Amino acid sequence: MMTVDVLPPPTETDPDPPIERPASEPVGPLGESPPSRSASPDTAASGQIEVESLNAFYGPFRAIRDVSLRLEPQAVTAIIGPSGCGKSTFLRSLNRMHELAPGARIEGRVRLDGLDIYDPSVDPVQLRRVVGMVFQRPNPFPTMSIFDNVAAGLRLTGRLPKARLHEVVERSLRRAALWDEVKDKLRANGTSLSGGQQQRLCIARALAVDPEVLLMDEPAAALDPIATLRIEELIAELRRTYTIVIVTHNMQQASRISDRTAFFTMGTDRAGYLVEVGDTAKIFTNPSESLTEDYVSGRFG
Amino acid sequence: MTAAGASLRPISGPRTPAPGDIARRIQRAGLGRRRGLADRGMRTLALVASLTALVPLGGVLAFVAIKGAAALNLDLLTKGPRALGIGGGALNAIVGTAQMVPLATVIALPVGILGAVYVAEFGGQRSAAVVRFAADVLVGVPSILIGIFVFTFLVLPFRQFNAFAGSVALAVIMVPVVLRTTEEALHLVPASLREASLALGVPVWRTVLSVTLRTGLPGILTGAMLAIARAMGETAPLLFTALGSRLVNVGNFGQPMDALPLFIYRNATQPNAVLNDQAWGAAFLLLLVVLAINVLVRGRSWGRRIG
């Protein structure tokens with residue numbers, strides 16, 4: 001199947017401190033030049049998401065209005081904005097989780113590598129294997145061991161020889177920077193880990209099915225500062241391989257970990273809309289919109 | 001009398017209570033003392049009431065144990081009723097219950113569990129409410145009516161009392177119990193687990209099976225066990241269906257079959273001390289099994305709550 005074979009090799013423990021990113025990245029105008037296009041040419045283009053006049057509804061209620069933006073591969077895009085402005089809804093419309101809510105529907109286009117994910121030819125179940133998701137509260141399967149949690153996506157979606165399964169589980173745990181902490185207790189229950197470890201377990205679980213895009217809905221909001229730091233380090237590491245979109249309430253976090261930032265807010269009809277998107281440095285220091293400036297400087301929201 | 005009400009407090013400015021004022025306000029006197037007495041009286045009353053509620057259970061247990069323990073012997077467990085005369089054992093009833101209840105379980109579990117999956121996972125608000133309401137009503141339907149209902153379409157057409165009809169009648173009793181307990185168990189499964197599974201690209205059917213049902217399994221098993229215990233003790237639905245039999249019927253579901261409650265009912269109403277004793281013995285056996293299931297199930301969930 002499409003899985004595993006393309007899984008990149010596990011990153012050896014990297015000597016460079018992952019959070020400190022060189023300041024030399026291009027800080028260009030809106031929607032331009034994603035930072036540090038390194039790596040092989042075939043991965044360079046894959047994983048780009050283009051959102052075009054996206055509207056999301058819950059029954060008659062419009063949760064987001066007319067959002068258009070581009071999410072770059074091998075970069076972290078942070079979605080910030082006040083509560084209720086549709087950040088999570090936006091995120092969930094990128095892997096078609098939004099439509100699982102009763103009465104929910106979408107208008108507009110979301111293109112992943114040029115293909116509209118709302119095209120009738122797209123199977124949402126297959127899509128979600130390519131566009132993975134990590135949630136706010138760590139949610140390991142309580143009936144499964146650490147190993148089984150990571151293997152869950154592969155076991156429940158298809159068959160894989162046992163030896164391969166072991167390999168993928170170890171790789172995924174290594175990528176999620178959890179292997180050393182759990183390698184001696186893979187049979188222990190997933191819920192026996194600390195909150196931060198559980199969240200990294202959930203990230204490993206998402207990585208195991210080999211996604212191209214990783215959506216993170218406030219992945220550190222339920223964690224203490226030290227666990228948060230580890231998640232942020234991990235995101236900085238994963239950024240080299242995946243398209244990462246992260247919703248966060250924490251503006252320091254957004255400025256620390258993201259390459260680009262999109263600021264959403266709520267209109268008078270309570271529908272969320274995109275105010276501005278651009279390189280994180282620009283959004284936080286010299287935004288084009290006064291609304292953005294008010295928000296990032298703490299004057300509103 | 002001199003206290004609080006007498007001296008209206010100035011709206012602002014300092015106020016110095018006289019020595020002993022505050023102590024007087026908070027010490028027990030008059031009303032306070034009466035309240036203490038009333039409290040003690042009502043507590044005692046509540047305690048007595050709760051003990052009274054335990055008397056029937058204790059009484060039944062003690063009575064059946066004393067009367068039944070003596071009659072519960074090897075003969076009762078290994079022999080059928082004697083063909084002629086009086087004596088023998090309850091093997092026909094034991095074997096009958098051991099066949100009809102499992103068949104009823106096999107019928108009721110899939111219907112109840114799948115029904116609950118529909119109500120909890122797929123049904124809209126309305127259809128879920130309808131199914132839930134119907135299940136609650138069915139729990140409340142007198143079991144003799146269920147016996148008559150099954151009688152009309154599984155006994156009358158064949159002009160033959162049969163064990164299959166008995167199993168179906170027991171299954172009808174079990175389905176709503178299984179459905180409601182399973183539904184509650186599924187509702188306790190956090191939505192975040194379903195989301196986690198779906199977000200991994202796991203199909204819905206697989207998510208329901210491997211995540212939702214798997215996580216709710218302890219609760220579902222509890223419901224199933226309680227339903228089994230309930231079915232074991234039912235007499236009325238079997239009167240019109242399996243009828244009962246003095247013969248040990250192994251595997252012939254087209255013919256009458258005995259069951260422990262039927263055996264107890266029959267033997268207890270005979271004018272014969274030996275048969276009456278057999279009824280006590282069978283009652284004790286039934287009580288032990290049902291009690292064991294209940295203790296097993298409750299004890300497990302109790303331990304979980306503490307642990």
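Of the 301 residues in chain A, 46% are buried (20 or more other C-beta atoms within 10 Å of a residue's own; exposed means 12 or fewer, partly exposed in between; C-beta atoms are placed from the backbone). The model is predicted: local features need pLDDT of at least 70, side-chain atom pairs count only at pLDDT 80 or more, and totals for chains, interfaces and linings use all residues. Residues are numbered from 1 along each chain as its sequence is written, while chains are lettered from A and ligands numbered from 1 in the order in which they are written.

Chain A contains eleven helices and ten strands. These are DSSP runs, numbered from the N terminus: helices are H or I with at least four residues, strands E with at least two. Contacts in chain A were also sorted by separation. Among those with a separation of 6 or more, 70% join residues 24 or more positions apart. A contact requires C-beta atoms, placed from the backbone, within 7 Å.

The two chains touch. On one side are 16 residues of chain B, and on the other 22 residues of chain A. Helices H8 (191-199) and H9 (204-232) of chain B each supply at least two residues of the chain B side. H8(B) gives the most, with seven residues. By class, the chain B side has eight nonpolar, five polar and three charged residues. Here Ala, Val, Leu, Ile, Met, Phe, Trp, Tyr, Cys and Pro count as nonpolar, Asp, Glu, Lys and Arg as charged, and the others, Gly among them, as polar.

Pro142(A) sits in the loop between strand S6 (131-134) and helix H4 (146-157) of chain A. Pro142(A) has 16 C-beta neighbours inside 10 Å and therefore counts as partly exposed. Beyond its neighbours within four places in sequence, Pro142(A) contacts Thr191(A) and Thr215(B). Arg230(A) lies 88 residues from Pro142(A) in sequence and 23 Å away in space, C-alpha to C-alpha.

Within chain B, the axes of H4 (residues 91-122) and H7 (residues 163-187) come within 6 Å and cross at roughly 35 degrees. Axes are lines fitted to C-alpha atoms, for helices over the stretch in contact, and angles run from 0 to 180 degrees between N-to-C directions. The contact of H4(B) with H7(B) comprises 22 nonpolar, eight polar and two charged residues.

Helix H5(B) spans residues 125-140. Of its 16 residues, the number buried is one, so H5(B) lies largely in the open.

Note on methods:
Two residues are in contact if their C-beta atoms, placed from the backbone, lie within 7 Å. The expected span of a helix is 1.5 Å times one less than its number of residues.
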